[in-house]
Amino acid sequence: MKVAFVASEAFPFAKVGGLADVIGSLPQALKKQGLEPTIFLPWYWGIQGYYVGEAWFNFEGNREKIGIGHAEHKGVRYVLVGLGDFARDKPYGYQDDFRRFVRFAMATAELLGDFDVVHAHDWQAALLSLLRNLGWFRARTVYTIHNLAYQGVWGPQDFYAWTRLPGETYYGAGLEHNGAVNLMKAGIVNADAVTTVSPRYAWEITTPEGGEGLDGVLRSQQGKLRGILNGLDTDYWDPATDKYLRHHYNAGDLSGKARNRAELLAELALEDRPTLGVVSRFAHQKGIDLIADAVDGLMDLGVNLVVLGSGEPGLERTFAWMASHLPDRLAYVQGYNEALAHRIYAGSDGFLMPSRFEPCGLAQLIAMRYGTPPIVRAVGGLLDTVKHWETGFMFDSMDAGGILHGVREFLKHPNRDWVARNAMQQDFSWEGPAREYVALYRQLLG
């Protein structure tokens, strides 16, 4: 079975968020189960690949050239789709992102003739489901929603000028939503199967509270919607072999974790207190502003806070200011540092994750893998993966008070080492999810 993954990012070639980790890991698990996966990825500036040829596609009524590259990672083949407007410093964040990814989808559609299944991910690849239904390629299509909050919305006049698609597709093929083109809606309506990244999130997105305006569409398509929990690359994220740690450890012997903890506190000049780690984008979804609101209360509870991340400038300034005024209790490092992230996961006593919504979440899986019980809001994939007082701690309220309640639960547990060991013994590998995807592909192919 030949399966094409089409996505906007994939570790280790291009990473912005959790999507990259999924695209970098799931195909390897599928390969172990006998499939032949190929990943189609924009050829971003800096990706090292071999130029293997060219193809052509139509855009704005013109015939345009695609440069085709080849790369490989852990035995999985990557096709790099070379378009001039992707030769930039970062994958996203440009005013023409919508146009760029429409071009990417239309170019990639010309390269999919030999595949049995095309598995498209998030809004950047959503147009492929519609293009298949218009006869551009023959494969069955799976569309995965990693985050419903980002839908790919733009004006119809530009969209049809660029694509020259039949005008009847606006209403007849699910593109129209509130007077605009909505690529995610089209992906949902036109795909043969729709998945999202946890069972709980699959239900939440069908409700008005979690549906981001598409709950009615998702309810109408509920017969083909399912939640398949994301896995974790357990070879890369392994405290027994982690190349970024000086002291390795496992569930049977946590002495290495204690040494990593001591070194993290010394590195960041923090007092020897229960220490909570945070590794996150500073986005509204992640509830980082709620942590800022809770800092005074956290200090009163007697914990340290280690924060690594960046995003909203106001939050960056807030945490920098707080770190300067609480130098021995709160450490903040702006940006993302892979080695430091590993040391925080290994050296913290607990991991704080107060998400407003969380489709699946990988940070809590990593934290449990490293014996650092997560303290999470009971929502989405966090609710599917964390067991209160057994592998981590939960709270419900979406405010500073909720965070403080969760931390109190953590502090009063009589045996946090038992929770840590129990968390480390959970199986969050990709093997189980991969079996579910293989079964889905086979079902679609009859």
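Biologist: How many cavities of 30 Å³ or more does a search of the whole structure find?

Modeller: The search finds one cavity of 30 Å³ or more. A cavity is a set of points on a 1 Å grid over the protein atoms alone where a 1.4 Å probe fits but cannot get out. This is a predicted model, in which local features need pLDDT of at least 70 and side-chain atom pairs count only at pLDDT 80 or more, while totals for chains, interfaces and linings use all residues. Residues are numbered from 1 along each chain as its sequence is written, and side-chain values use heavy atoms, with hydrogens and water left out.

Biologist: What volume does the largest cavity have, and which residues line it?

Modeller: Its volume is about 40 Å³, taken as the space filled by probe spheres set on the points. The lining consists of Asp 21, Val 22, Ser 25, Gly 231, Leu 232, Asp 233, Trp 237, Leu 362 and Trp 430, where lining residues have an atom within 4 Å of a point.

Biologist: How do those lining residues divide by class?

Modeller: Five are nonpolar, two polar and two charged. Ala, Val, Leu, Ile, Met, Phe, Trp, Tyr, Cys and Pro count as nonpolar, Asp, Glu, Lys and Arg as charged, and the others, Gly among them, as polar.

Biologist: On to packing. At what angle do α11 and α16 cross?

Modeller: Helix α11 (residues 288-301) and helix α16 (residues 400-412) cross at roughly 40°, and their axes come within 8 Å. Axes are lines fitted to C-alpha atoms, for helices over the stretch in contact, and angles run from 0 to 180 degrees between N-to-C directions. The two helices are therefore oblique to each other; angles under 35 degrees count as roughly parallel, over 145 as roughly antiparallel, 65 to 115 as roughly perpendicular and the rest as oblique.

Biologist: Which classes of residue make up that contact?

Modeller: The contact of α11 with α16 has ten nonpolar, one polar and two charged residues, contact meaning heavy atoms within 4.5 Å.

Biologist: And how do α10 and α13 pack?

Modeller: Helix α10 (residues 255-268) packs on helix α13 (residues 338-347) at an angle of about 120°, with the axes 8 Å apart. That makes α10 oblique to α13.

Biologist: Last topic: which residues does the cis peptide bond join?

Modeller: Phe 11 and Pro 12 are joined by a cis peptide bond, with omega about 10°. Pro 12 lies in the loop between β1 (2-6) and α1 (18-32).

Technical notes:
Helices (H or I, at least four residues) and strands (E, at least two) are DSSP runs, numbered from the N terminus. On a 1 Å grid over the protein atoms alone, a cavity is a set of points where a 1.4 Å probe fits but cannot get out, and a pocket is an open set with protein on both sides within 12 Å along at least five of seven lines; lining residues have an atom within 4 Å of a point.
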